[in-house]
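Keep the structure open beside you as you read.

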Amino acid sequence: MEVRAKKALGQHFLTDRKVARAIVDSLSGGLPALEVGPGMGVLSQYLLQRDDIDLRLVEIDSESVAYLLTHFPDIQGKLIEADFLKLSLEELFPEKFNIIGNFPYNISSQIFFKILDHKDSIPEVVCMIQKEVAERIAEPPGSKTYGILSVLLQAWYDIEYLFTVGPGAFAPPPKVQSAVIRLRRNTRTDLGVDEKLFRTVVKTAFGQRRKTLRNSLKPLLGGEKKTEDPTFDLRPERLGVEDFISLTRELTR
């Protein structure tokens, strides 16, 4: 029995066992872990072998759930058939936990936004995503691919680009390169500004990334005095996390 890859779910099943083991070996132990989208269990088989991880798995595809329960009896009681984006993480993990998975490429950004919403409970994430998205997240300021997720994730996590994975490691092969990254929670406990406004500033700025901040942030500017800062003459990709924090603080004066 094989699981049919479903385009609507963005499924490309990893088949390269060496890559799978390398991904699993990249995750720290000592905390419970949630595998997102286990599919046919290529990561799960190695995660289940680790006695330093209390594993839970969430899978939306009923065909994959049936496959996992048939081929991996140890998953019984650990597997949740649900949509990760709708899952109540607080109920499942009252304490801190890590996340691992080959994220479906079509919802990877939404997964990261949910991780950000639970950042104080998730100290580490190891995941495979589209290479372009991985580079964007890990890029420093100044790059053309640096964007909203780069700033928001880098505000709270140290990000490592671990390795690239070619299309041949999957069935069916995707049309893009993939990459594995690791996010580890940094020591920041507070931005020093309203976090909701910070997100709004970042999203608004990159929503019109070709414009200077003076123009893109006009809806958020409360007066001419606030536009005197020379930072407003820059484009958003030039600003790091601390710059965006300062910008947010400037907008509240």
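How many cavities of 30 Å³ or more does the count come to? The model you are looking at is predicted, and the count comes to one cavity of that size.

**The cavity**

How might you look for such a space? Rolling a probe the size of a water molecule over the atoms shows where empty space is left. Here, the largest cavity has a volume of about 50 Å³. To find it on your screen, highlight its lining: L116, L152, W156, L191, E195, F198 and R199. Two elements, α7 (148-156) and α8 (195-207), each give two or more residues to this lining. The largest share, three residues, comes from α8.

Next, turn to the strands. Seven of them form an open sheet, and its order reads β4-β3-β2-β5-β6-β9-β7, with mixed pairing. Why is one side of β4 (79-81) and of β7 (157-165) left without a neighbour in the sheet? These two strands stand at the edges and each has a single partner strand, so one side of each has no neighbour there. On average, neighbouring strands of the sheet are turned by 20° against each other, direction ignored.

For a look at one pairing, pick β2 (residues 33-36) and β5 (residues 98-102), which run in the parallel sense and pair over four bridges. Within this pair, L34 stands opposite I99 in β5.

Helices pack on the sheet too. One of them is α3 (residues 62-71), which touches β3 (55-59) and β4, and its direction makes about 160° with that of β4. Another is α7, which touches β7 and β9 (178-185), and its direction makes about 120° with that of β7.

Where does a cis peptide bond occur? It joins A171 and P172, and omega is about -10°. You will find P172 in the loop between β8 (170-171) and β9.

**Helix against helix**

| Helix pair | Axes come within | Crossing angle |
|---|---|---|
| α8 and α10 (residues 241-251) | 9 Å | roughly 110° |
| α7 and α8 | 9 Å | roughly 150° |

What do these angles tell us? The axes of α8 and α10 cross at roughly 110°, and that makes α8 roughly perpendicular to α10. From α8, the contact uses L197, F198, V201, V202, A205 and F206, while α10 brings V241, F244, I245, L247, T248 and L251. These residues divide into eleven nonpolar, one polar and no charged.

For α7 and α8, the crossing angle is roughly 150°, and that makes α7 roughly antiparallel to α8. On the α7 side you can pick out I148, V151, L152, A155 and W156, which meet E195, F198, R199, V202, K203 and F206 in α8. This contact divides into eight nonpolar, no polar and three charged residues.

To finish, click on L152 and W156 of α7, which meet residues of α8; L152 and W156 are also among the residues that line the largest cavity.

Note on methods. Residues are numbered from 1 along each chain as its sequence is written. This is a predicted model: local features need pLDDT of at least 70, side-chain atom pairs count only at pLDDT 80 or more; totals for chains, interfaces and linings use all residues. Side-chain values use heavy atoms; hydrogens and water are left out. On a 1 Å grid over the protein atoms alone, a cavity is a set of points where a 1.4 Å probe fits but cannot get out, and a pocket is an open set with protein on both sides within 12 Å along at least five of seven lines; lining residues have an atom within 4 Å of a point. Grid points are joined across faces, edges and corners, and a volume is the space filled by probe spheres set on the points. Two strands pair if DSSP finds at least two bridges between them. Axes are lines fitted to C-alpha atoms, for helices over the stretch in contact, and angles run from 0 to 180 degrees between N-to-C directions. Contact means heavy atoms within 4.5 Å. Angles under 35 degrees count as roughly parallel, over 145 as roughly antiparallel, 65 to 115 as roughly perpendicular and the rest as oblique. Ala, Val, Leu, Ile, Met, Phe, Trp, Tyr, Cys and Pro count as nonpolar, Asp, Glu, Lys and Arg as charged, and the others, Gly among them, as polar.
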